[in-house]
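This report goes through salt bridges, domains and backbone features in turn. Please keep the sequence and the structure at hand while reading.

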Amino acid sequence: MTGSGFEATTRVHLRTALEAVPAYTPGKPAAAPPGVTAYKISSNENPYPPLPSVLGAVTAAAATINRYPDMAVTALTERLARGLDVPASRIVTGPGSVGVLGQIVQATCEAGDEVVFAWRSFEAYPILVQLSGASPVMVPLTADGGHDLDAMAAAITDRTRLVLVCTPNNPTGPTVGADALAAFLDRVPDDVLVVLDEAYLEFVTAPDAPDCLALHRERPNVVVLRTFSKAYGLAGLRVGYAVAHDPIAAALRKTAIPFAVNSLAQVAAIASLDAFDELEVRVKELVSERERILAALRAQGWDLPDSQANFVWFPMGERTADFAAACQEAGLTVRPYGTDGVRATIAETEANERLLEVAGPWRDRG
């Protein structure tokens, strides 16, 4: 150390696996030219503010933040168990569904193992897998942005420990069909864990969407993963959960960070479950807006996947960065994905209308 500065050492040994791990790209803050309202439609956040009853519960609970939260998350676990009609011992909570997924990967994978999932899908999948020392096996999506379940089944080997199925798929939007998913699960060996990631479940209206809880009840190697971040509007509090059979659930608790679900998150999640009738009105409004925007974009000539989530996907290819920049110039912060495409969240009506205004001329360019 010299003077007031600090010369960082270069001799610390870091894991070599980190060299291959991609960094998670968060949604950028909203930005716009002067005089233009900025909208952040890059993170699939719920645009509605918290319900008064939820906010009231959180405010009251804030008086106890000098105490550690209930590490067992007892009240929320029991509330979820009643609502889902599963034993409480099968519920595992964590800091968002991605936090629980991290527990799942740590419980099932080590160096030399493989994890099969569709690509492009949730950006955290390859990060979590590689951090565990396992190898991601990324199976390309179909032309319509859906899972190629036949190819995923063919990709399973003796080294496969985990399969991830994101339905609806983030960032493209389609769900997997119920019959196709059941047939796929029949082909997965019983010693391979299958995670059905339903982060956007509440927005699904497709008549052939699977009943993932029913599949879990029928199959001991199926885990259902859900979150309060999207439809419930609790993204800032970080709480999600998995439904897993007892031996798997017990293993997931061993890989959990102590006190990972904070007290305010626990209270807010319970209050949100109690107020689901009010929340469902908002969800239906977002679904209606999604369908309106999809129809308008298709009328402009866009060939888009059938999104069952709270976002739409533009398969832009090499024009991805340019389209994202055009949206930014209009005050819309969207989520570009390399040279694959752009994801835009269904948000406030004004933001959605502005997306249509930007997208129309871009479609005309071919």
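## Salt bridges

Arg159 and Glu114 form a side-chain salt bridge, with N and O 3.4 Å apart. A salt bridge here is a side-chain nitrogen of Lys or Arg within 4 Å of a carboxyl oxygen of Asp or Glu. The pair joins distant parts of the chain, 45 residues apart: Arg159 sits in the loop between helix H5 (149-154) and E5, and Glu114 in strand E3. Helices (H or I, at least four residues) and strands (E, at least two) are DSSP runs, numbered from the N terminus. The structure holds 13 salt bridges.

The model is predicted: local features need pLDDT of at least 70, side-chain atom pairs count only at pLDDT 80 or more, and totals for chains, interfaces and linings use all residues. Residues are numbered from 1 along each chain as its sequence is written, and side-chain values use heavy atoms, with hydrogens and water left out.

## Domains

The chain is assigned domain 1 (25-49 + 276-364) and domain 2 (52-273), with bounds that come from an automatic or database domain assignment. Taken over C-alpha atoms, the centres of the two domains are 25 Å apart.

From UniProt, in an unreviewed entry, comes the feature "domain: Aminotransferase class I/classII large" at residues 41-355. UniProt positions follow the numbering used here, feature names are shortened, and annotations may be inferred rather than shown by experiment. Residues 41-355 are 40% helix and 17% strand, and the end C-alpha atoms of this span lie 10 Å apart.

## The interface between the domains

In domain 1, 23 residues are in contact with 24 residues of domain 2, contact meaning heavy atoms within 4.5 Å. Domain 1 and domain 2 bury about 2,000 Å² between them, 56% of it on carbon and sulfur atoms. Buried area is the accessible area (1.4 Å probe) that two parts lose on being put together, summed over both.

Across this interface there are 2 salt bridges. Between the domains, 13 residue pairs are in polar contact, both residues at pLDDT 80 or more. A polar contact is a pair of N or O atoms within 3.5 Å; within protein, one must be able to donate a hydrogen and the other to accept it, and residues adjacent in sequence count only if both atoms are side-chain atoms. On the side of domain 1 that touches domain 2, helix H10 (276-299), strand E9 (311-314) and strand E11 (335-337) each supply at least two residues. H10 gives the most, with 7 residues.

## Backbone features

Trp119 and Arg120 are joined by a cis peptide bond with omega of about 20°. Arg120 lies in the loop between strand E3 (114-119) and helix H4 (124-131). A cis peptide bond also joins Asn170 and Pro171, with omega of about 25°. Pro171 is in the loop between strand E5 (160-166) and helix H6 (178-187).

Asp85 is not a glycine, yet has a positive phi of about 60°. Asp85 is in the loop between helix H2 (74-84) and strand E2 (91-94).
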